[in-house]
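Below is a short briefing for a reader new to this structure. It is grouped by topic, and the sequence and model come before the details.

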Amino acid sequence: MPASVHPSAAPFVPSEHSLPVLQSAVQACQGCDLYRHATQAVFGEVEATLATRAAKIDLMLIGEQPGDHEDKEGHPFVGPAGRLLDECLEEAGIDRRKVYVTNTVKHFKWEPRGKLRLHKKPSMQEIRACRPWLDAEVEAVEPRLIVCLGATAAQSLLGPKFRITQAHGKLESAKHLPPVLATLHPSAILRARTHEDRERDRRIFVDDLRRAMAFVHRSDKK
Ligand code: URA
């Protein structure tokens, strides 16, 4: 069967699941076709000084895929959605430098619109193809809690029937994973049609982040 029928990153994921090894190996990934039109793969990261001190990472945040800025700069959540994420993390009392931030899909999927590269939602097949990288990251990071930002991450980990609108902010369990909590995606908040909608969604997002942190603090005391 040709590889493209069931694309998968699995043959590209090294058996050693340490972050530096994974981070360098992901650049060679051709597990699906998305690498063809992306500048580079964008892997997850946590501030290096903390990682090298081997500090335990409490939270792993998972977005959808790198956007235009992330694709050029090679880091997750550094564009407008990343700025909103930073603000909301701060509001929720969470230090981004201690959080591992990554994406469900590691290459930017886009379509041309004039001179712009417009974000295109990854397909279920591309999401599945990229899952071995996410599993390797979870194994390397061992977070206490995974926070899915938006439907793509949530459906990848919790199944295609999962609905953020109905189940955000609740603790969920998934096979072979730490507890998972899903919430809104910062880009969805930025896209809200009115100022009121944006403010409401932002409050929901910050409250969910606070819930995530409360869970981490509770599990700290056990
Ligand atoms: N949106 C995402 O889901 N991830 C990023 O890294 C940037 C925007």
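The largest cavity in this predicted model has a volume of about 110 Å³. A search of the whole structure for cavities of 30 Å³ or more finds 1.

**Cavity**
- The largest cavity is lined by 15 residues, and those closest to its centre are C29, C32, H107, C130 and W133.
- Sorted by class, this lining consists of 10 nonpolar, 3 polar and 2 charged residues.

**Aromatic pair F43 and W133**
- Two values describe a pair of aromatic rings: the distance of the centres and the angle of the planes.
- The ring centres of F43 and W133 are 5.9 Å apart, with the planes at 85°. An angle over 60 degrees counts as edge-to-face, so that is how this pair is classed.
- F43 is in the loop between α1 (19-25) and α2 (48-52), while W133 belongs to helix α5 (residues 124-141). The pair therefore ties together parts that are 90 residues apart in sequence.
- Are these two residues buried or exposed? F43 counts as buried because its relative accessibility is 4%, and the cut-off for buried is under 20%.
- W133, at 0% relative accessibility, is buried as well. W133 is also one of the residues closest to the centre of the largest cavity.

**Aromatic pair F108 and W110**
- F108 and W110 form a stacked pair, with 6.5 Å from centre to centre and 25° between the planes.
- F108 has a relative accessibility of 2% and therefore counts as buried.
- W110 has a relative accessible area of 26%, so W110 is partly exposed.
- Which residue has its charged end over the ring of W110? It is R117, and the distance from this charged end to the ring centre is 5.2 Å.

**R210 and its contacts**
- R210 is part of helix α9 (residues 195-221).
- With a relative accessible area of 41%, R210 is partly exposed.
- Leaving aside residues up to four places away in sequence, R210 touches E91 and A92.
- How far apart are R210 and E91 in sequence and in space? They are separated by 119 residues in sequence, and their C-alpha atoms are 8.9 Å apart.

Technical notes. Residues numbered from 1 in each chain as written. Predicted model: local features only at pLDDT ≥ 70, side-chain atom pairs only at ≥ 80, totals over all residues. Heavy atoms only, no water. Phe/Tyr/Trp six-rings, centres within 6.5 Å; stacked < 30°, edge-to-face > 60°. Helix = DSSP H or I, 4+ residues; strand = E, 2+ residues; numbered from the N terminus. Buried < 20%, exposed > 50% of the residue type's maximum accessible area, 1.4 Å probe, protein only. Lys NZ or Arg CZ within 6 Å of the ring centre and 35° of its normal. Contact = heavy atoms within 4.5 Å. 1 Å grid on protein atoms, 1.4 Å probe; cavity = no way out; pocket = protein on both sides within 12 Å on 5 of 7 lines; lining within 4 Å. Points joined across faces, edges and corners; volume = space filled by probe spheres on them. Nonpolar A, V, L, I, M, F, W, Y, C, P; charged D, E, K, R; others polar.
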